[in-house]
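I opened the model today and kept notes on what I looked up. The entries follow in the order I made them.

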Amino acid sequence: MMLTPTLNSFAPNSLLDHSQTELDNLFETLPALKEGELSGVYRGRLFAIIGLGFLPRFLRRGLYKVLQTFINPWKGKRFELESGANIWFFKKGFLPYGYYNINRQDSDVDQQPVTHLSYDVEQNLALLRGVRGEARKLSEGVYLARMNYQTRNKLVRILYFTLDRH
């Protein structure tokens with residue numbers, strides 16, 4: 001399925017049933033963010049989680065819609081200049097955990113510019129330090145991001161998510 005967003009109108013929920021390969025192809029077409037474009041608190045929506053690609057599209061969509069409810073403790077991300085944190089448990093306010101440094105660099109996957117999130121920071125447990133996020137602009141005020149994990153031998157795609165202001 002070919003995805004062709006326009007920068008003014010792309011609904012984040014329209015991606016819920018897509019495979020990681022389809023999202024990889026879309027991600028490669030998206031523009032990089034401007035320096036400092038992500039600032040403040042953004043709501044997150046998880047989908048394309050590793051290991052769930054075998055499910056039929058309608059089941060994936062349903063599962064990811066459930067993950068947008070109170071059942072999912074992850075609510076999104078907070079960005080401040082060159083650092084940020086995941087937001088857990090609360091819709092109003094937040095409990096930060098899972099810290100990252102933010103910079104602009106070429107993607108480890110497609111060698112095109114991305115906003116890069118490195119979890120290799122002192123505040124995180126050792127297990128989290130291999131997490132590498134990448135974000136690009138999906139539409140006005142909506143960003144597509146992918147979460148990778150750097151193992152000793154390779155970079156593994158864990159999931160995709162969108163970020164938008166609420």
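**Entry 1. Thr-29**

Before starting I wrote down the cut-off: a residue is exposed when its relative accessible area is over 50%, and buried when that area is under 20%. I also noted that this is a predicted model.

Is Thr-29 buried or exposed? I found a relative accessible area of 52%, so Thr-29 is exposed. I placed Thr-29 in helix H1. I then checked Thr-29 against Lys-137: the two are 108 residues apart in sequence, and their C-alpha atoms are 9.9 Å apart in space.

**Entry 2. The chain as a whole**

I counted two helices and eight strands in the protein chain. Reading along the sequence, I get the pattern α-β-α-β-β-β-β-β-β-β. The protein chain has 166 residues, and 44% of them count as buried. For contacts between residues at least 6 apart in sequence, I noted that 49% join residues at least 24 apart. The accessible surface of the chain is about 9,000 Å², with 58% of that belonging to carbon and sulfur atoms.

**Entry 3. Aromatic pairs**

I reminded myself that a pair of aromatic rings is described by the distance of the centres and the angle of the planes. Taking ring centres within 6.5 Å as the limit for a pair, I have six aromatic pairs. I looked up two of them.

For Tyr-42 and Tyr-143, the ring centres lie 5.9 Å apart and the planes stand at 80°, so I logged the pair as edge-to-face. Tyr-42 is in strand E1 (residues 40–47) and Tyr-143 in strand E7 (residues 142–150), so this pair links distant parts of the chain, 101 residues apart. Both tyrosines, Tyr-42 and Tyr-143, are buried.

For Phe-79 and Tyr-100, I read 5.7 Å between the ring centres and 55° between the planes, so the pair is tilted. This pair also links distant parts of the chain, with Phe-79 in strand E2 and Tyr-100 in strand E4 (residues 95–106), 21 residues apart. Phe-79 is buried at a relative accessible area of 2%, and Tyr-100 is buried at 0%.

I noted that Tyr-42, Phe-79, Tyr-100, Tyr-119 and Tyr-143 form one aromatic cluster.

**Entry 4. Nonpolar cores**

In soluble globular proteins, nonpolar side chains tend to be buried together. Which residues have the most contacts inside the largest nonpolar core? I found Phe-79 and Phe-161, in a core of 18 residues. At least two residues of this core come from each of E1, E2, E4, strand E6 (131–139), E7 and strand E8 (155–164).

I listed what Phe-79 touches, leaving out residues up to four places away in sequence. Among these contacts are Tyr-42, Tyr-100, Ile-102, Leu-117 and Leu-163. I also logged a second, separate core of 14 residues, which includes Phe-47, Ala-48, Tyr-64 and Leu-144.

**Entry 5. Salt bridges**

How many salt bridges does a search of the whole structure find? I got 12, and I looked up three of them.

Arg-61 and Asp-17 meet through their side chains at 4.0 Å, N to O. Arg-61 is in helix H2 and Asp-17 in the segment before helix H1 (20–29), so the pair ties together parts 44 residues apart in sequence. Arg-61 is partly exposed at 26% relative accessibility, and Asp-17 is buried at a relative accessible area of 14%.

Arg-45 and Asp-164 form a salt bridge at 2.5 Å, N to O. The pair links distant parts of the chain, with Arg-45 in strand E1 and Asp-164 in strand E8, 119 residues apart. Both Arg-45 and Asp-164 are buried.

Glu-134 and Arg-146 form a salt bridge at 2.7 Å, N to O. Glu-134 is in strand E6 and Arg-146 in strand E7, 12 residues apart. I marked both Glu-134 and Arg-146 as buried. Salt bridges with shared partners join Asp-24, Asp-110, Glu-134, Arg-136, Arg-146 and Arg-157 into one network.

**Entry 6. A nonpolar surface patch**

Last, I looked at the surface. Val-66, Phe-70 and Ile-71 make a nonpolar patch of about 360 Å². Phe-70 sits in the loop between helix H2 (57–66) and strand E2 (74–80). With a relative accessible area of 77%, Phe-70 is exposed.

Conventions:
Residues are numbered from 1 along each chain as its sequence is written. This is a predicted model: local features need pLDDT of at least 70, side-chain atom pairs count only at pLDDT 80 or more; totals for chains, interfaces and linings use all residues. Side-chain values use heavy atoms; hydrogens and water are left out. Patches are made of residues with over 30% relative accessible area and no salt bridge: like charges are joined within 9 Å, nonpolar side chains (Val, Leu, Ile, Met, Phe, Trp, Tyr) within 5 Å. Accessible areas come from the Shrake-Rupley method with a 1.4 Å probe; for residues, only the protein chains shown count as cover. Helices (H or I, at least four residues) and strands (E, at least two) are DSSP runs, numbered from the N terminus. Buried means under 20% relative accessible area, exposed over 50%, partly exposed in between (1.4 Å probe, protein chains only). Rings of Phe, Tyr and Trp (its six-membered ring) pair if their centres lie within 6.5 Å; planes under 30 degrees apart count as stacked, over 60 as edge-to-face and the rest as tilted. A nonpolar core is a set of buried Ala, Val, Leu, Ile, Met, Phe, Trp, Tyr and Cys residues joined through side-chain atoms within 4.5 Å. Contact means heavy atoms within 4.5 Å.
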